[in-house]
Amino acid sequence: MSQSKVAGHERAGDDSAAPGPGGPADTGYGTRAETPPGTRTAEARPTGRTGTGSPAPGGVTWRIRLRRDRTLILMTLPAVLLVLVFNYVPLLGNVVAFQDYDPYLGNNAWQAVAESPWVGIEHFTRMIEDRLFRQALRNTLAIFLVQLTLFFPVPILLALLINSFVRPRVRAVAQAVLYLPHFFSWVLVVTIFQQMFGGAGMLAQTLREHGHEGFDLMTDPGLFTFLVTFEMVWKDAGWGVIVFLAALSAVSPDLYEAAAMDGAGRWRRMWHVTLPALRPVVALLLVLQVGNALTVGFEQILLQRTAVGPTAAEVLDTYVWNVGIQFGDFSYAAAVGIVKGIFGLCLVLAANKVAHLMGEQGVYKR
């Protein structure tokens, strides 16, 4: 036999011994082990990094991401600095809640903090026994519950109503009219309500001209909670309408057409198509609204506090302003602020947990 034929025979033998894809492999003991189809060996498993520890060809290092996104980072840097300076750095001043702080002990604020005596949790104990604090807390929670019940559903209903308009021009005009009061200051809003519902307002004068007794809603302590809620609805409902209309614009028209072909009427389409599309936005705004439960409008209530008296209009924000700014009890005001912040954080976490139970993301993912 020639040498070329021998070499060809050896190559043929080697090819027959090599396993094909998913075929048998020689175990070395005279038998062949079957490899199940679709099974990858350890050598074939993709890893995020190579053996040297460097990023895989498809991976991106943080240096590359930093260089790629440097423009976006520079754009957000001023906002981050503002939040850091005005929201997080002042948190260091909460240390005065555990002191008998006196701003005149040193030449500057740092020396005053360093030289003020420590009192521990004395201010927090005083808070529990303070009748005015409990009254302010009750008023705050009452206003929040009324606003959550009456104010929160109004933007949803208005958005559904505006979205049902067929003509885009009518929809745009209604949206602009509702959104316009959002740009008004609280001074202007309170003035408008005073001119409409006050004792010398237009409605009261009209009733007197026709032989009826007038009224003054602006000085009625029993209606103050509903008054501030209606003012907030008139001022800020348009902003919520914009948010919900943006969510409705993302709903595919094919869903409405498919529901109509299945025989669903207008109310059925709203219940099974429109409202499920709004549920993520509703859950997010609900969490944010609950987070502001104890901040019910400092400027709005301060402008009307003297008209109805502190018994009906004293909330936590105005209480902190009175105690800390007017009477100079900075330590006690800081303690009230800490309690308010912790309580608000607990409410946000609880509302976010409810959003997760509803199947929504909320403020952050699980």
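Predicted model: local features only at pLDDT ≥ 70, side-chain atom pairs only at ≥ 80, totals over all residues.

Colleague: On to packing. At what angle do the axes of α14 and α16 cross?

Modeller: Roughly 70°, and the axes come within 9 Å. Helix α14 covers residues 298-308 and helix α16 covers 316-326. Angles from 65 to 115 degrees count as roughly perpendicular, so α14 is roughly perpendicular to α16.

Colleague: Is the crossing of α14 and α16 left-handed or right-handed?

Modeller: The α14 and α16 crossing is right-handed.

Colleague: Which residues meet there, α14 against α16?

Modeller: From α14, Phe298, Ile301, Leu302 and Arg305. From α16, Asp317, Thr318, Trp321 and Asn322. The residues of this contact divide into four nonpolar, two polar and two charged.

Colleague: Which residues of α16 are buried?

Modeller: Leu316, Asp317, Thr318, Tyr319, Asn322, Val323 and Gly324.

Colleague: What do the buried residues of α16 pack against?

Modeller: Against α6, α14, α15 (310-313) and α17.

Colleague: What follows α16?

Modeller: Gly328 follows α16, and the phi of Gly328 is positive, near 75°.

Colleague: Now the other helix pair. How do α7 and α8 cross?

Modeller: The axes of α7 (residues 153-163) and α8 (residues 168-179) cross at roughly 155° and come within 9 Å. Angles over 145 degrees count as roughly antiparallel, and α7 and α8 are therefore roughly antiparallel to each other.

Colleague: Which residues meet between α7 and α8?

Modeller: Leu158, Ile162 and Asn163 in α7 meet Arg171, Ala174, Gln175 and Leu178 in α8. By type, the contact of α7 with α8 has four nonpolar residues, two polar and one charged.

Colleague: Aromatics next. How many aromatic pairs are in the whole structure?

Modeller: Nine aromatic pairs turn up in a search of the whole structure. One of them is Phe133 with Tyr319, a tilted pair, 6.3 Å centre to centre with 55° between the planes. Phe133 is in helix α6 (residues 131-150) and Tyr319 in helix α16, so this pair links distant parts of the chain, 186 residues apart.

Colleague: Phe133 and Tyr319, buried or exposed?

Modeller: Phe133 counts as buried at 9% relative accessibility. Tyr319 is buried too, with a relative accessible area of 5%. Tyr319 also forms an aromatic pair with Tyr332, edge-to-face, 6.3 Å centre to centre and 80° between the planes.

Colleague: Why does the pair of Tyr319 and Tyr332 tie together two parts of the sequence?

Modeller: Because Tyr319 lies in helix α16 and Tyr332 in helix α17 (residues 330-357). The parts are 13 residues apart in sequence. Tyr332 is buried, at 0% relative accessible area.

Colleague: Which residues form the aromatic cluster?

Modeller: Phe184, Phe193, Phe197 and Trp234 form one aromatic cluster.

Colleague: Switching to Met218. Where is Met218 found?

Modeller: Met218 is in the loop between α10 (202-209) and α11 (224-249). At 4% relative accessibility, under the 20% cut-off, Met218 counts as buried.

Colleague: What does Met218 touch, residues up to four places away aside?

Modeller: Met218 touches Val190, Phe193, Gln194, Phe197, Gly198, Leu227, Glu231, Gln304, Ala307 and Val308. Phe193 and Phe197 are also in the aromatic cluster. The C-alpha atoms of Met218 and Val308 are separated by 7.6 Å, at 90 residues apart along the chain.

Colleague: Last one. Where is Lys340, and what is Lys340 in contact with?

Modeller: Lys340 is found in helix α17. Leaving aside neighbours within four places in sequence, Lys340 is in contact with Leu294, Thr295, Leu316 and Asp317. Leu316 and Asp317 are among the buried residues of α16. Lys340 and Thr295 are 9.0 Å apart, C-alpha to C-alpha, and 45 residues apart in sequence.

Key: Residues numbered from 1 in each chain as written. Heavy atoms only, no water. Axes fitted to C-alpha atoms, helices over the stretch in contact; angles between N-to-C directions. Helix = DSSP H or I, 4+ residues; strand = E, 2+ residues; numbered from the N terminus. Parallel < 35°, antiparallel > 145°, perpendicular 65-115°, else oblique. Left-handed = near helix turned anticlockwise from the far one by under 90°. Contact = heavy atoms within 4.5 Å. Nonpolar A, V, L, I, M, F, W, Y, C, P; charged D, E, K, R; others polar. Buried < 20%, exposed > 50% of the residue type's maximum accessible area, 1.4 Å probe, protein only. Phe/Tyr/Trp six-rings, centres within 6.5 Å; stacked < 30°, edge-to-face > 60°.
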